Amino acid sequence: MELALKLASIFFTMILVDNYVLAKFLGICPFLGVSKKVETALGMGMAVTFVMGVASAVNWPINEFLNNHGLGFMQTVTFILVIASLVQFVEMFLQKMVPSLYEALGVYLPLITTNCAVLGVVLQNAQN
């Protein structure tokens with residue numbers, strides 16, 4: 001029971017208090033653009049969460065490598081390349097596996113690449 005309460009607390013804290021979009025006001029455009037239907041908003045949320053999580057995990061070793069070899073100035077370029085690649089992967093996956101969601105997201109799916117929330121999370125993780 002105690003574990004369930006802890007997990008529920010973490011879940012609601014991440015949604016309401018530490019939510020990157022709501023707390024930092026980063027990346028509002030794609031979220032507002034697809035929020036007319038719950039299914040579309042959920043799909044966009046899952047896509048952005050996937051890209052942020054994987055981009056942070058992939059960029060950490062790249063960041064370490066760049067810093068160790070005196071190439072720290074290349075961080076932003078590599079972060080954007082990784083993020084753009086992940087967004088393309090998500091776009092191809094949705095087009096093949098969930099075409100209705102792909103159509104519903106429309107132009108907002110590629111906007112994840114330029115979404116400042118994604119880049120903000122990756123850069124903040126790199127600085128910690």
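## Burial along helix α5

A residue is called buried here when its relative accessible area is under 20%, and in this predicted model the buried residues of α5 are Q75, T78, F79, V82, I83, L86, V87, V90, E91 and L94. The 23 residues of α5 should span 33 Å at 1.5 Å a residue, and because its end C-alpha atoms are 33 Å apart, the two values agree.

## The largest nonpolar core

The largest nonpolar core has 17 residues, and those that touch the most other members are V51, V90, L94, L105, L109 and I112. Helices α4, α5 and α6 (99–105) each supply at least two residues of this core.

V90, listed among the buried residues of α5, is in contact with A47, F50, V51 and L109 once its neighbours within four places in sequence are left aside. In soluble globular proteins, nonpolar side chains tend to be buried together.

## The second largest pocket

With a volume of about 150 Å³, the second largest pocket is lined by G43, M46, A47, F50, F89, V90, F93, L94 and L101. The elements that give two or more residues to this lining are α4 (38–68) and α5 (75–97). By class, the lining has eight nonpolar residues and one polar residue, with no charged residues.

V90 and L94 belong to this lining, and both are also among the core residues that touch the most other members.

## Helix α1

Helix α1 covers residues 2–17, and its 16 residues reach 21 Å from the first C-alpha to the last, close to the 22 Å expected at 1.5 Å a residue. The number of buried residues among the 16 of α1 is zero, so this helix lies largely in the open.

Definitions and conventions: Residues numbered from 1 in each chain as written. Predicted model: local features only at pLDDT ≥ 70, side-chain atom pairs only at ≥ 80, totals over all residues. Heavy atoms only, no water. Helix = DSSP H or I, 4+ residues; strand = E, 2+ residues; numbered from the N terminus. Expected span 1.5 Å × (residues − 1). Buried < 20%, exposed > 50% of the residue type's maximum accessible area, 1.4 Å probe, protein only. 1 Å grid on protein atoms, 1.4 Å probe; cavity = no way out; pocket = protein on both sides within 12 Å on 5 of 7 lines; lining within 4 Å. Points joined across faces, edges and corners; volume = space filled by probe spheres on them. Nonpolar A, V, L, I, M, F, W, Y, C, P; charged D, E, K, R; others polar. Core = buried A, V, L, I, M, F, W, Y, C linked by side-chain atoms within 4.5 Å. Contact = heavy atoms within 4.5 Å.
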